[in-house]
Each structure stands twice: as C-alpha cells, then as structure tokens.
Amino acid sequence: MPKSNDTEAGLTGVSARRRPKQDVLEVGGRRLQPATLMMGHGYDPALSEGALKPPVFLTSTFAFESAAAGKRHFEQLTGLRAGEAEGLVYSRFNGPGQEILEGRLSIWDGGEDALAFSSGMSAIATLLLTHVRPGDTIVHSAPLYAATETLIGKVLARLGVHWRDFPAGASQAEIEAVLSSAGTSRVPLVFLESPSNPTNTLVDIEAVRAACDAVFPGARPLIAIDNTFLGPLWQRPLRHGADLVVYSLTKYVGGHSDLVAGAVVGAAATIAPIRAMRNTIGTITDPHSAWMLLRSLETLELRMSRAGENAAKVCEMLRSHPAVERVGYLSFLAEGSSQADIYRRHCSGAGSTFSLYLKGGEAEAFAFLDALRIAKLAVSLGGTETLASHPAAMTHLSVPADRKAALAITDNLVRISIGIENADDLIADFEQALAGR
Ligand SMILES: Cc1ncc(COP(=O)(O)O)c(C=O)c1O
C-alpha cells in the first residue's frame, strides 16, 4: 500500500489476495495512467476459466476452505486481526466484482482504498452514520444536493446532531468563523459539495483544510467532499486537502443513465470504519451494478472528455444568443474573481453540466424545454445523452421561496447536462428551441 493519497505516488485499492500476479502497473519505467488500468487492473482471468472480463458472481455467501480459514476471515472482518481480508465471507460485506470495482475507482482520485455503495445517498448516509454522535455538529458548505441537506438537517437532527453551514465560495476567514461557532460541540466531519448544485459555485478545499487546521490544531475534523459534478476526471480533491471523496456513481462514472450507485474514496485507515458501518447496514452495491460500472469505467475518460468538449462548444453558442441572459459555466468565470482562482487551483476542466438563465420567466423556460428535440427532459446528469430540467419546478420545488432566491434558483433557470452526441447536432437543437419560444 502506498503511504500517500496520490495516485502518482503509487497504486493500490485491490486487495493483495485479488491482485493478479501479472497486473501491469508500469511499462518501461512509465507508470500506467487510469485510462489504461481500467481495462484489467485487479482482475486475473486465470481465476475465472480464462474469461477476459470478470464474471458476475451471483452468490449470497462464500464457502470457506476450512473452519480455521472461516475463523480467520471473521477475525479480520471484525477487526480482531489486522490486515487485509484473505477471503470473501458474505455478499453484504463484499464480492469479487465489487472488490475489483473498488480497486479501479480508487485509482482516479489517488486514494488507497474505495467502497462501492448501492447509491450516492447510501454512500453519504453510511459515511455520516460512521462519524456522528448525538450532540455533534456537522459543518457543511451550502447548498448541498437536496437529499443530503434533508439527511443532515432533518434525519440526523432528529438524532440530536446539529449542523452549521457556510456558502460555497466562502473565504478561509469565513469558514473559520463557522467552525468556531460550533463552540463546545464536537465537529467530527466537514462535508463539502463542489461545485454546488444548481449554482455551480466552487468550494475552496485548500481554504477549508487551512481553516480546519487553524481552528482545531492537531485534532481537525475529517473533510469529505461530494465530487459528483467534476469527478473523477476534472477535480481530484485528495490533492487539495480533502480526506474522503464521495460520488454518486449514477452520474458520470456509470455514465449511461442505466444504474444507481455510489462510492467513497480515501486513505485505507479512513475507509476502514466506513467499511465496518457498511458491513453492518448492508449499503454495498449489488454484483450486477458493479459489473456495469466496471464496463463504464473503461470508457470514462473518453465519455467525460467528449462531453466536456461538447459543452464548451454549446456554451459558446448559448453565451452570445439574444434569448439568453447568462450561462453559469465554469469556463466563463470572471477573470480575477475568487471563483476563477479556485477553478485554476482545483479543476482541470469545466465539466459538462451548467446553468442556463433565459430571458423571461417560467413560461419562456418551459417553452424552451418543451421545444427541445434531441435533449431529453429529465433530472440527473453525466450520462451519454443530453438532459435538461427546470430546478425551480422540479428538483428544488419544495425549497422555500427565500432560499430559492438566495441560491439564484429562479424561474428562468434551466439546468443542462451535455452528453456525447455530435456537438453541431446539439447546437442545432438548442438554436431551434430558443428560436421557437
Ligand atoms: C451532487 C449529488 N450528490 C449525491 C446525489 C445522490 O446520488 P444518488 O441519486 O446516486 O443516490 C446526487 C443525485 O443527483 C447528486 O447530484
């Protein structure tokens, strides 16, 4: 296991037991890149009748070689014996496909280990349940994905957990003030989402880390970040001071709008307690979804790169269209602004999900959405197909009016996730939809 959190320092993730002897991690002194490793890392065809691709193991439990081996596996599972599991026990804990998936997921962010979950929300819920106790305070950036806000603000609040937030984009001093305001309440976790949905505001991860170090010297809270919108290609938060990276794999990683799954990536010691919680409550992804995700990972870089290129072309057209008020796209951040500074330090691309503010209100936005011929009207993002939705009337319908206004969730806002279609076809679709309003 590498000591560092950075892929470039080494590779990881797949347990020694499953790591194929011929797993090629470098060639001629050149360390292989994630796009190459997604084809075979962590899988040995010799263990599965020579099958080039990992089979789907549909089994609820695994036979032990002997009673002593069963005892050893349980000692490792329950933490009585240190070290990696030597064998599989029961499918609520893990399975061959999920282990290979976790090994490959950890590569992109440069984490030592990863955990796959049945959804992004089950990943977040398992992470939070691992760390919070009654009386604690969770500090988070705002806004968060609506279900995450509900989980923290309503569900955990019922269990005596408090929360405080700071706006995404806050400075180190502002974050320090919020951290300090927790007073004597323990702060086990700082939870971030960047860019935030639907405002596309970036969180300064380095500033959050510096603020945590300043306010809690020697005993800072863990920093977890939901990296669903830009990860794992365009933002690698472990490099900027985060401890844990969280994903809805339903989005770019799954990438075909045909599955729901989640993940957490980080250092082995940080992942271990979350794994123990997952073992207890059974929030692991199923074998079939794990297999689909392995397939998706093989084209991850291709898909995300193409979607990013398409979005750049579409946004360029939209920005100068007379029916458009503003495009909230990360490449268009004002030069010299603090957001542009965070973007320069943290991101390697602007992604393919953005906010489009049309001239007019709900009627104009609805007319545009209804006129689209290629883009589908659906919530979600990161799939091969282009999707468009209306946050004020859909995902954020239940958000109180004053909070909507504060978050710039206005009636003329349309949220778009660009897919991998032909860019000129997409431009033609948006142009005809804007013209027909
Ligand atoms: C940023 C973000 N985090 C988490 C989630 C939840 O993921 P899932 O739907 O896979 O549970 C979503 C879903 O849209 C999301 O957009």
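Ala, Val, Leu, Ile, Met, Phe, Trp, Tyr, Cys and Pro count here as nonpolar, Asp, Glu, Lys and Arg as charged, and the others, Gly among them, as polar. The model is predicted, and local features need pLDDT of at least 70, side-chain atom pairs count only at pLDDT 80 or more, and totals for chains, interfaces and linings use all residues. Residues are numbered from 1 along each chain as its sequence is written, and side-chain values use heavy atoms, with hydrogens and water left out.

Around the ligand stand 13 residues, the closest being M121, D226, S248, T250 and K251, where a residue is near if one of its heavy atoms lies within 4 Å. By class, this shell has five nonpolar, five polar and three charged residues. Polar contacts (pairs of N or O atoms within 3.5 Å) include one in which a polar side-chain atom of S248 lies 2.8 Å from an oxygen atom of the ligand. The protein covers 89% of the 390 Å² of accessible area that the ligand has on its own, with areas from the Shrake-Rupley method and a 1.4 Å probe.

The ligand sits in the second largest pocket, in the sense that more than half of its atoms lie within 2 Å of the pocket's grid points. On a 1 Å grid over the protein atoms alone, a pocket is an open set of points with protein on both sides within 12 Å along at least five of seven lines, a cavity is a set where a 1.4 Å probe fits but cannot get out, and lining residues have an atom within 4 Å of a point. This pocket has a volume of about 480 Å³, a volume being the space filled by probe spheres set on the points. Its lining comprises 28 residues, of which Y145, N197, K251, S380 and L381 lie nearest the centre, and the lining divides into twelve nonpolar, twelve polar and four charged residues.

The structure also holds two cavities of 30 Å³ or more.

Note on methods: A polar contact is a pair of N or O atoms within 3.5 Å; within protein, one must be able to donate a hydrogen and the other to accept it, and residues adjacent in sequence count only if both atoms are side-chain atoms.
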